[in-house]
Amino acid sequence: MGVEIERKFLLAHEGWRGRGVPTRMRQGYLVADAVRTVRVRIEGERAVITVKGKSTGASRGEWEYEIPVADATELLDGLCEQPQVEKIRHRIEHAGHTWEVDEFLGLNAGLVVAEIELDAEDEAFEKPDWIGQEVTGEKRYYNSSLIRMPYAQWQGNAVKRP
C-alpha cells in the first residue's frame, strides 16, 4: 500500500512568489467521503487517477495511476462532482524538501496553501519564512471539501490571502 504523509500550511506572506515552476491543475472527484476519495486530475500535459483512504493524523493510504488526458477530460466533464477544483501549483525546493504551493482559482480564488510530503510523521523539516499557520487535518482545507464548500462561501473568513 502507498502511504501519503502530508502537512498543510497557510502562507505568512508573498515571499514564495516567483519561485518554482507553476503548473495549472484541474481536478474532480468521483467519490469524496470521510473514508475514501477517488480523484481525477489533469496537471499540465499529464493526467492521473488517485485513490486515497481515510486520514489518520497526517497519513493516509494513496494509490496513483497515470491515465490518458482524453480519458481524464471525459471523466471530469461527465462523471465528476461539480464544481471542480482549479489551481496553479508552484513546486518550490527548500532545504531538501519540495513545497507545493497551491493558488486556487474559480470559486476558491483567494485561498493559497502550502503542502509538504514527508517520509515519516515525525520527520524534521525546515520551514521557509513564508510558511504560516499549520492547517493539517482541518477538513475545510481539503481539496475534496472545497467542492462542497468553496472558499468563496466561507463565512467570516478569518484567513485572508497574504
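User: What radius of gyration does the protein have, and what would a compact globule with 162 residues have?

Analyst: This is a predicted model, in which local features need pLDDT of at least 70, side-chain atom pairs count only at pLDDT 80 or more, and totals for chains, interfaces and linings use all residues. Residues are numbered from 1 along each chain as its sequence is written, and side-chain values use heavy atoms, with hydrogens and water left out. The radius is taken over C-alpha atoms, and the globule rule is 2.2 Å times the number of residues to the power 0.38. Because that rule puts a compact globule of 162 residues near 15 Å, the protein agrees with it at 15 Å.

User: Which order do the elements of the protein follow from the N terminus on?

Analyst: Helices (H or I, at least four residues) and strands (E, at least two) are DSSP runs, numbered from the N terminus. The protein has 2 helices and 9 strands. Their order is β-β-β-β-β-α-β-β-β-β-α.

User: What share of the contacts with a separation of 6 or more comes from residues 24 or more positions apart?

Analyst: A contact means heavy atoms within 4.5 Å. Among contacts in the protein with a separation of 6 or more, the share from residues 24 or more positions apart is 60%.

User: Is His97 buried or exposed?

Analyst: His97 is part of strand β7 (residues 97-104). Leaving out residues up to four places away in sequence, His97 touches Ile92, Ile116, Glu117, Leu118, Glu123, Ala124 and Phe125. Buried means under 20% relative accessible area, exposed over 50%, and partly exposed in between (1.4 Å probe, protein chains only). His97 has a relative accessible area of 15%, so His97 is buried.

User: What is the geometry of the aromatic pair of Phe9 and Phe125?

Analyst: Rings of Phe, Tyr and Trp (its six-membered ring) pair if their centres lie within 6.5 Å; planes under 30 degrees apart count as stacked, over 60 as edge-to-face and the rest as tilted. The whole structure holds 6 aromatic pairs. For Phe9 and Phe125, the centres are 6.2 Å apart with 70 degrees between the planes, and the pair is edge-to-face.

User: How many residues apart are Phe9 and Phe125?

Analyst: Phe9 and Phe125 are both buried. Phe9 sits in strand β1 (residues 3-11), and Phe125 in the loop between β8 (112-117) and β9 (131-134). The pair thus links distant parts of the chain, 116 residues apart.

User: Which residues form one aromatic cluster?

Analyst: Phe9 and Phe125 belong to this cluster. Its complete membership is Phe9, Trp99, Phe125 and Trp130.
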